[in-house]
Amino acid sequence: MAQAQQQERTLVLSEKGVAEEGTDTDEVVISISAGFNEMKDETLAGVKLAEILREMMAGIEEEGLTARVVRFTDNLDLGVIGLRGAKLSGSGISIGIQTRGTTLIHQEDLVPLSNLELFPQAPLIDLETYRAIGKNAALYAKGETPEPVPVANDPMARPKYQALAALWHIKEMGYKDEDKDPMEMEVSFE
Amino acid sequence: MCMTDDDKPVADGSGELEETAPKRSKRFEALDERAVTEDGFVNEWPEVGFVAMESPNDPDPSITVEDGKIVEMDGKDREEFDFIDRFIADYAINVDKAEEAMATDSEQVARDLVDINVPREDIVELTTAMTPAKLSAVVNHLDTAEIIMAMKKMRTRQTPGNQCHVTSVEDNVAQIAADAAEAALRGFYEIENTVGVARMAPLTALAQQIGAQCGRGGVITQCAVEEATELELGMRGMTGYAETVSVYGTEDVFKDGDDTPWSKAFLASGYASRGLKMRYTSGAGSELNMGQAEGKSMLYLESRCILVTKGCGVQGLQNGGISCIAIPTSVPAGVKEVAAENLITMMADLEVASGNDQTFTHSDKRRTARMMPQFLAGTDFIFSGYSAVPNYDNMFAGSTFDSYDFDEYNIMQRDLQVEGGTKPVDEDTVLEYRERAAKAVQSVFEELGFPPISDEEVEAAVYANGSKDMPERSTAEDIKAAEEMMEEGLNGAEIVKILADNGFEEIAENLLGILKGRVAGDYIQTSGIFQGDGDFDVVSAVNDPNDYQGPGTGHRLEGEDWEEKKQVRFAVDPEDI
């Protein structure tokens, strides 16, 4: 029943201006990809992006930190947008997420492909996990070493979703604009 | 209930609402329940490269050589070359032979590939002087049975082999050590690990190395993680080879990874300078996965990857779809294409670890059919990742064959009298080796002051099928130890000493053998492996070249190896009745 109510929520993202480097050590940046909520409002597995963003932000906030959402339009690579988000984040920690749902936690002094935690199998990440990802990102931001969020593993995710994920990615490339700066996003749920 | 034209409900006499759903065939309903309907299939979309072979956008083969330099290739002048074209033209193609090779009719070369009267070395002379478009054009003439025949002749090392994955969803070190020992016993020449949490890699690599050297001295191990970490683990002797150095068929994908063919070559030289075996990884679908396939076919782009590898001077390549396998297999002729890319790798005179790696289907029949070309022909590594653990523990997100298939895979080798690179083992021996491996890791952890591995964990690891049978262990604590291990510069020689001091002399000897192998450097020759009997004799394309030329030649499964393969642990012995 609770789920039925949640499905009514829609996510509205509007640009506030070019994202600046943060100074507040109590913030975590959530890097979103070019087509996030534009191309689709749900992941490959049909989880609503509104719910995902709300859960991640709640996870961050329950540790007493604040979330900033930044959209990267010039690059679709998750490792890259995650790392660049971390560099904009006052705490040096970010969460990166693509439209299809693939997510990671990144830190500013790492390299793109070496992150703190990676959740590569997008269709397996449930809302509870997205909240835990938010919480862990906040804990890293506080300088703690949390137990990593358990990684789900389903050998049948690739057979079912990989070709579809490639199609989505190709479609999402239509939202790419190489000359556009990362934008600070205003988030509201209606 | 029916409606009349003026929307007034009238009785239809049945007293029930009429079902509006169309009546369905029970046959089709039953077919809808089959596993294969869960797989992703996509119709071809050549404009973006969603096509396995022969895209209308693939270039026609061509070459112009002036003063020993390639000035035009596959329809592009040198000024128009992207960095991949330039790298291939300058480093991958034997210019002396290029004009002759390119002038030879593609269909004739294809016929020579399956002609037992034409020796491998004659073909390699030409195929190492061909452009990517030419290599694809040649292989496009073959059907799947012909690709199998060609692979049988063209692979570089005569003795086929196999590689496996040993991973744990919990990154549990005792379990990994025990599974690596068992995998080595089962006959794999190479064992590959990766992690759930990146920072665990030093510990899982260490556990895997100890386990492998417990199982059979000379089985080499790798840990697939971020490239700099992977190299460092190798340099320290925690691993014995590397494989996950990726190359791509379009410039954009290279650039997205902040890489060029030159930077990959530099990384490769890092391994070579330390005497470490390494191969590259590519495979159909990776460019498309990034949306950067430029409308070219998967096979043409893969031909470029193969020649980038060749140009880097790297001895071998892992391909055949690999981590993007469900992309080629979603389109027509995708499974044929992955066999074709294995073949082109062999034609470039490189070692091939031929895929049959990550999962691509829910169907047991499709996954078995997919591996038949490599299995029947034999390749350097038929699987470049047979999961030696249950797929739920496979951190490459599952392999097409896993530990549940051990008996079936052995029996397929027995049925067809084919060397598939694994062998039957008995339960008592497996338990004995698993225990020794887990205890060795327990001792090493204790000596190093790492989070203790309890006797309960050792016991669980000995008897475990997978991580679900293991007690809880703190990953956060292990990560601290892993960080400490990297900071303090722990290396393989120190592990050898600890093992020897704690009653594990044989494992210590074997690990020392691996470290010495790097000094000798013989196993970095093309298709090099250690025999795996503790003597550290190298078998490679140099001392075991493939001389297949039809019946009576090449590798045959016979003698002791065949006798061993005949064993089925639940077979009936006529003498018992």
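Trainee: Before we start, what makes two strands count as paired here?
Mentor: Keep in mind that this is a predicted model. DSSP has to find bridges between the two strands, and the cut-off for calling them paired is at least two bridges.

Trainee: Okay, then in E6(A), which residue is the bridge partner of A:Thr103?
Mentor: Start with the strands: E5(A) pairs with strand E6 of chain A, residues 117-119, in the antiparallel sense over three bridges. In E6(A), the residue bridged to A:Thr103 is A:Phe119.

Trainee: And which residue stands opposite A:Leu104?
Mentor: Look at strand E4 of chain A, residues 93-97, which runs antiparallel to E5(A) and is joined to it by five bridges. E4(A) and E5(A) form a hairpin with five residues between them, and A:Gly101 in the turn has a positive phi of about 115°. Opposite A:Leu104 you'll find A:Gly96.

Trainee: How many residues of strand E5 of chain A are buried?
Mentor: Check both faces of E5(A). On one side A:Thr103, A:Ile105 and A:Gln107 are buried, and on the other A:Leu104 and A:His106 are buried too. For this strand, residues 103-107, that makes five of five.

Trainee: Over in chain B, what angle does helix H3 make with E3(B)?
Mentor: First get the sheet in view: it's open, with three antiparallel strands in the order E3-E4-E5. Its edge strands are E3 (63-66) and E5 (76-77) of chain B, each pairing on one side only. Helix H3 of chain B, residues 95-103, packs on that sheet and touches E3 and E4 of chain B, and its direction relative to that of E3(B) is about 145°.

Conventions. Residues are numbered from 1 along each chain as its sequence is written. Chains are lettered from A and ligands numbered from 1 in the order in which they are written. This is a predicted model: local features need pLDDT of at least 70, side-chain atom pairs count only at pLDDT 80 or more; totals for chains, interfaces and linings use all residues. Helices (H or I, at least four residues) and strands (E, at least two) are DSSP runs, numbered from the N terminus. Two residues are in contact if their C-beta atoms, placed from the backbone, lie within 7 Å. Axes are lines fitted to C-alpha atoms, for helices over the stretch in contact, and angles run from 0 to 180 degrees between N-to-C directions. A residue is buried if 20 or more other C-beta atoms lie within 10 Å of its own, exposed if 12 or fewer, and partly exposed in between; C-beta atoms are placed from the backbone.
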